[in-house]
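Dear colleague,

Please find the structure below, handed over for your reference.

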Number of protein chains: 2
Amino acid sequence: MAKGRPREFDCEQALDKALEVFWRYGYEGASLPALTEAMGINRPSLYAAFGNKEALFKKVLDRYTAGPAAHLKCALSAPTAREAVERFLYGSADLLGDPTHPRGCMVVQGALSCGEGAESIKQDLTARRTAAENAMRMRFEQAILDGDLPKDTNPADLARYIATVSHGMSVLAAGAATRDELRHVVDMAMRAWPGR
Amino acid sequence: MAKGRPREFDCEQALDKALEVFWRYGYEGASLPALTEAMGINRPSLYAAFGNKEALFKKVLDRYTAGPAAHLKCALSAPTAREAVERFLYGSADLLGDPTHPRGCMVVQGALSCGEGAESIKQDLTARRTAAENAMRMRFEQAILDGDLPKDTNPADLARYIATVSHGMSVLAAGAATRDELRHVVDMAMRAWPGR
DNA sequence: GTTATTCTGTACCGATCGGTAAAATATATT
DNA sequence: AATATATTTTACCGATCGGTACAGAATAAC
């Protein structure tokens, strides 16, 4: 049984609101007043429930990769490597070009460059990007074994290329790129697919 | 004739030092103490010589595009569109992978996401990225007229794709991508070139 | 030398940053 | 009802943010 005064807000709803703020302004650009106002709670409640700004950001980041950005993991299970990449990139175009969220990918924009106080956040995001790249590389290694990709394909280079396109689309979306423009980018990018 | 006490520092050297700080930490992440210390001057001298932080950033940005990032304009004057893009992208790989500078492109990292106080800087950077994209598009339009690119090439899509690769390489470089890794990305990206 | 002008150095400004102490409030347990 | 526990609220903390007032110092013009 829970003792004490019950909290008056829903943690998951609050995290969703925090996600919106961090997504739009990045880690450093999201101020605590902006966060608490969006979450509808006051500061001590935030600290009691989520630790501090950094811990909140990481919780929000997990929520982001499991929610809006879940298409990456989904895509990797496609039957062929090419289909996996197409699902991932077109899914990214749809996500990044969707005007109902902040523009761009949170893992890219969160702290691409930052002051020294956010260095650990920056490294965390970098690690997540390379983890995604490695997941793609391993998918390609499997595809080579399956005969799904030419044997002379370099899986690391291919994964790095796909990651590059994905990250570049995020930067483009941070401007004003539309969903269709991003999809055309994917059309172009897929022309580089191995084995013509 | 110059009246009054002469300034004791070299403006251009100071701008180069400021460039290094802004390049590494971005607009918001670069604090005034970090700037003044790197520039070797104190705060009132900075404001007297350059206006304020925003004006200093824009001066530094011009210096960046005319200096380290000058390969873009140079590349556009190559004889063929393909050669122009190759020069630009391989030049970008060399620049972004050079460990003697901060990692990544200042026009991408400077303020990709930021607090509300840096919104105008963010928009300025976005405008510079689209300007570069438009310059490439116009180069491709000319190439189509020259018969240098297939007539069914969409110059806007191609330019957006090249911009995407370039921006994505900047994000990759913000991690720990090496020059060679970035060059392999360019190798892959060029496989998408029109007219196989 | 005197004056006008411009730069340098110190010290400071209000605003905002992330984070917290402490009292008031609301529940579960006894 | 009394107590223990946990959350809310208000008010505040020191640190840092970008920016500046002001006096001292160095030059050119007179």
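**Findings at the interface**

Across the interface of chain B and chain A, 8 residue pairs are in polar contact, both residues of each pair being at pLDDT 80 or more. Please note that this is a predicted model.

Several helices of chain B build the side that touches chain A: α1 (11-29), α7 (106-109), α8 (119-145), α9 (155-174) and α10 (179-190) each contribute at least two residues. The greatest contribution to that side comes from α9(B), with 13 residues. Sorted by class, the side of chain B that touches chain A consists of 18 nonpolar, 12 polar and 10 charged residues.

The rule also finds 2 salt bridges across the interface of chain B and chain A. In a salt bridge between the two chains, the side chain of Glu181(A) meets that of Arg160(B), at 3.6 Å from N to O.

As to extent, chain B and chain A each bring 40 residues to the contact. Between them the two chains bury about 3,500 Å², of which 61% lies on carbon and sulfur atoms.

The arrangement of the two copies may be described as follows. Chain B is superposed on chain A by a rotation of 180° with 0.0 Å of shift along the axis, at an RMSD of 0.0 Å. That is the relation of a two-fold axis. Among the residues of chain B, Gly168(B) comes closest to the rotation axis, its C-alpha lying at 1.8 Å. Of the interface residues of chain B, 100% are also interface residues in chain A, so the copies meet through the same surface.

With kind regards

Terms used
Residues numbered from 1 in each chain as written. Chains lettered and ligands numbered in written order. Predicted model: local features only at pLDDT ≥ 70, side-chain atom pairs only at ≥ 80, totals over all residues. Heavy atoms only, no water. Least-squares fit on C-alpha atoms with pLDDT ≥ 70 in both. Contact = heavy atoms within 4.5 Å. Buried area = accessible area lost by both parts, 1.4 Å probe. Salt bridge = Lys/Arg side-chain N within 4 Å of Asp/Glu carboxyl O. Polar contact = N/O pair within 3.5 Å; in protein donor to acceptor, adjacent residues only side chain to side chain. Helix = DSSP H or I, 4+ residues; strand = E, 2+ residues; numbered from the N terminus. Nonpolar A, V, L, I, M, F, W, Y, C, P; charged D, E, K, R; others polar.
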